[in-house]
Amino acid sequence: MSPKQIAKLLLQINAIKLKPETPFTWSSGKKSPIYCDNRLILSYPEIRQNIAETLTAYAQQEFKKTEIIAGVATAGIPHGVLIAHTMNLPFVYVRSSEKKHGRKNKIEGELGQNKKVLIIEDLISTGKSSLHVANTLKNYGCEILGILSIFNYNFITTKEMFKQEKMKIFSLCNFNDLIIVGEEENYISKNQLTIIKDWHVNFYSKN
């Protein structure tokens, strides 16, 4: 599926919501006219299958040496499992912090040393959670092939950070695709589009 087709599906099921006049507050405290909840994809079997097939196609094309799929807890887990199942590869997931009980794992699953790993995210915003997972896996001795996500806010500062880290990333769709489809499909007006574009350009300076 094309990036615009993916963006249209996400808007149709409200996995991406646009509220320029009354911004959402992210868990980080940052304000945003856009909220992305890709967990909703899981409730729509046909769309879930389309997304999984497209993610898998990217994984097979761009990350051919992948030996293990790693999901970012929690939203990256189900999509990572679907890809790993289709590609017949092992799957692990990485927590944001160690468990406080049991074996106190941060990495769940059988990883092994010196493995080539592809990280699956549901979305990339500032990119900090993705790089945290990448560094956790690197410290374990893995080679990170890259990060694959469904949506990417496409912030310039985030892109520069990944470039500095020499981290290869691919996303099924991004902010640019979203606002084009949002306007074409009448999810946002021209005035709302101006608000959203301004927020995007000034995200790091205003938040």
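**Salt bridges and sheet**

1. The side chains of K4 and E184 form a salt bridge, with an N to O distance of 3.3 Å (a salt bridge being a side-chain nitrogen of Lys or Arg within 4 Å of a carboxyl oxygen of Asp or Glu). This pair joins distant parts of the chain, 180 residues apart: K4 lies in helix α1 (residues 3-12) and E184 in helix α6 (residues 175-184). Helices (H or I, at least four residues) and strands (E, at least two) are DSSP runs numbered from the N terminus.

2. The model is predicted: local features need pLDDT of at least 70 and side-chain atom pairs pLDDT 80 or more, whereas totals for chains, interfaces and linings use all residues. Residues are numbered from 1 along each chain as its sequence is written, and side-chain values use heavy atoms, without hydrogens and water.

3. K4 is partly exposed at 38% relative accessible area, and E184 is partly exposed at 47% (buried is under 20%, exposed over 50%, partly exposed in between; 1.4 Å probe, protein chains only).

4. The structure holds seven salt bridges. Among them, E108 meets R95 at 3.1 Å, N to O; E108 is buried, with a relative accessible area of 12%, while R95 is partly exposed at 24%.

5. Six strands form an open, mixed sheet in the order β7-β6-β5-β8-β9-β10, where strands pair if DSSP finds at least two bridges between them. Because β7 (107-108) and β10 (169-174) each have a single partner strand, one side of each is left without a neighbour in the sheet.
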